[in-house]
Amino acid sequence: MSLILDFAPPLVFAALGGVLSERAGVVNIGLEGMMRFGAFAAAAGAIFSGSPWVGVACGALAGAAAAGVHALLSLRFRADQVVSGIALNLVALGLVTYLLQAVFGSAGVSPPSPALSRDRFGHSALAYAALAVPVLFHLWLAHTPAGLRVRAVGEHPRAAATLGIRVLPLRALCVAGSGVLAGIGGATLSVGIVGQFDARMPAGQGFMALAAMVFGKWTPLGAAAAAFFFAAADALQRQLSFSLRAADLRLEGIFLALPYALTLLVLASGVGRTRAPAADGVPYEPEGR
Amino acid sequence: MNALELSGIVKRFGPLTALDGVSLAVAAGEVLGLVGENGAGKSTLVSVACGLYSADGGKVRADGRELPPGDPRAAIDAGLGVVYQHFMLVPPLTVWENVILGREPRRLGAIDRRRARSQVSAVARRSGLSLDVDARAGDLSVAAQQRVEIVKQLWRGARVLILDEPTALLSPQEAAALVEIVRALAAEGRAVLFVSHKLREVLGAADRIAVIRRGRLVQVSPRSQTDAQQLAEAMTGGGRAGATRPRRPSRDGAVVLQARELAGLSERGGPGLRGLSLHVRSGEILGVAGVDGNGQTELAEVLTGLRPVQGGLTLDGDPAFHGDPAAARRAGVAHLPEDPRRRALCLPLSVEENLALGRHAQAPYALVFLIDRAGRREMAHKLIEQFDVRPPEPSARTANLSGGNQQKLVAARELSGGSAPRLVVAVHPTRGLDPGATRRVHEALRDARDRGAAVLMISFDLDELRALSDRILVLFEGRSAGEAPPDASDEQLGRMMLGQVPARA
């Protein structure tokens, strides 16, 4: 159980980032890349400042900056949102690998960074935040003027525009917020859990977060629940492979694939009934018909 | 002072001049009718007035104050409210959420739900518009959605109300009710701009009527000094509109469509079909009347193979196309569906591509397995000319055509795009069309009939049914409530539509 609360927070934050962006009508395949920037910036920030919280803030900022590029490409220049997201992932892969080499002179891992302090159950404050933030996000989306506007802009942007809501700036804000959340997710990986940056981060967690978002029907609570479910699968996998390691090393690969296979299964079975926001991924043209 | 004043509005889309120096004014307490054909520039003018488009020239003033161009918020703040032809409601949101969107009453940073709901209910009640404020907007009927739109504007304190084609999607009874509402709103001191091409309704609602043609204002006259005939002439630029061809007695053709005891539930909660039997002969038009939701949609979908059903269904004696739209098309079923934007056209494609859809693998649209661009272009020019699609440009994006021209496009493809159809299923074929376009679609349906097709036309417009049909069948709760001759009165048909008379004509 304790492992779940360790593994879930990165997924939860990134999945919430996905929900924020897509409820506003912008597809965000770039979560993986934003997490990667966030994870690296958090480790670097923590190492240079000596404070893990400064690291988390750096991670959030880095995620937001990456998201800013996505917003600029997809909203201002109306690039295809999927392509823009994929491009962001590829840039993150290359650029962060380069930065790791340039800053720390390493191809594998950064030096150990100051890690977030843990309570007597072994959890950092971010783990508890991962429980609280989905609820706050839900309340915000359901009960505040801003949340209502976000939902309207993701479903029928022109209707929102006729009521004086500025569609593109609102969407850009949501994409940036999505980057902040994904960046914090990445920071949770590096300064929260591992205590250093690893060149393989986030190892597909951004895509798992996308799956959690879809599985959770684009709602904050649903996406968070799905993230916890995937984290549980991940924890189970580690337990199983740990106990079986002595018996048969060849089985390990199969167990590693378990959470991903489970993701596929879940999507194949439950996804048929979910519905994306109506204007998700559709560029908004102010004077189109 | 005028509540709304437009002066010298110019708006261009690329090389196309949609509005060429239009000036209009509406005073408080007045209903100004604005009429014009599809594509004349009515909707563009509305979009400029409310700040959704910024004009290339001219000024918009509200209560004498100039509004900044391209700023919807300023227009709203100045008391301008628009009810668009294609409603601007967010379907998954509730009625009250749609109404308050953008101007949410707040308490402690959150939406003050209780205050919002009670304000919205109060506005609706005061204006005599019945609404369930907690319903999801997407679940409402078209008429109820329109009431939401009106309440939305009134709640925002609109003193100038612009209604863009407000009756296009309404049944005659609903349209009459709307005209009453509009008169009441004007009597309260609001200014109303009533944009439509349905002359009868404009004449019923408006104090003055302005006519716009090809982006230019051609006349403004008080209601007492004009009539439908004169307005139609002004809209089309002379030449008499109307003048329908006399009905040719239909031949005693062979039965093309035979349906026996069709039954199937509707997923929308309506009765669906409950044992409907009917037949249509070659060379005749069967009109289908009925109040919305009595099985019309299901019937059209069954006949075009889109919906499987229980019961017997044969076309020229052959049951093959049952539940298979591709087979139905091969068997010669043409379909003019009720919502062409969603069900008949691929809006991002060009006009000529849409004309070829469904026959895109046959000559003249294709050569073996390649698209025949020259052949398609030639055919597109022919069809565009025949059906007067505007702009007459095969490569234009279909989404940029006005609603009426999109509907003409569908009629062109379905009725003339290939070999002569055996069965034509037309659902509200002229809803939203101006008189000129309506005449063309009606002629095309008559042509199809004269060439031996069996035509089944579903409509709410009793005048249309009487003008075209050889027989009128009345649907009631998924069954036939009986048939009536084409000269049946409103009253007779109305009683049958309510299921009160088991009439046999």
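Apart from its neighbours within four places in sequence, Val54(A) is in contact with Gly45(A) and Ser49(A), contact being taken as heavy atoms within 4.5 Å. In this predicted model, local features need a pLDDT of at least 70 and side-chain atom pairs count only at pLDDT 80 or more, whereas totals for chains, interfaces and linings use all residues. Residues are numbered from 1 along each chain as its sequence is written, chains are lettered from A and ligands numbered from 1 in the order in which they are written, and side-chain values use heavy atoms, with hydrogens and water left out. Val54(A) belongs to helix α3 (residues 52-76) of chain A, where helices (H or I, at least four residues) and strands (E, at least two) are DSSP runs numbered from the N terminus. With a relative accessible area of 37%, Val54(A) is partly exposed; buried denotes under 20% relative accessible area, exposed over 50%, and partly exposed the range in between (1.4 Å probe, protein chains only). A distance of 17 Å separates the C-alpha atoms of Val54(A) and Arg36(A), which lie 18 residues apart along the chain.

Chain A as a whole comprises eleven helices and zero strands, and of its 289 residues 55% are buried. Among contacts between residues of chain A at least 6 apart in sequence, 78% join residues at least 24 apart.

The contact between the two chains draws 33 residues from chain B and 22 residues from chain A. Together the chains bury about 2,300 Å², with 61% of this on carbon and sulfur atoms, buried area being the accessible area (1.4 Å probe) that two parts lose on being put together, summed over both. On the side of chain B, Leu52(B), Met88(B) and Leu101(B) lose the most area to chain A, together accounting for 22% of what that side buries.

Several backbone features were also identified. Most residues other than glycine have a negative phi, and most peptide bonds are trans. A cis peptide bond with omega of about 0° joins Met201(A) and Pro202(A), and Pro202(A) is found in the loop between α8 (167-194) and α9 (205-215) of chain A. Ala203(A), in the loop between α8 and α9 of chain A, has a positive phi of about 50° although it is not a glycine, and is partly exposed at a relative accessible area of 47%. In chain B, the peptide bond from Arg390(B) to Pro391(B) is cis, with omega near -5°, and Pro391(B) is placed in the loop between α13 (373-387) and α14 (403-416) of chain B. His428(B), although not a glycine, has a positive phi of about 40° and counts as buried at 4% relative accessibility.
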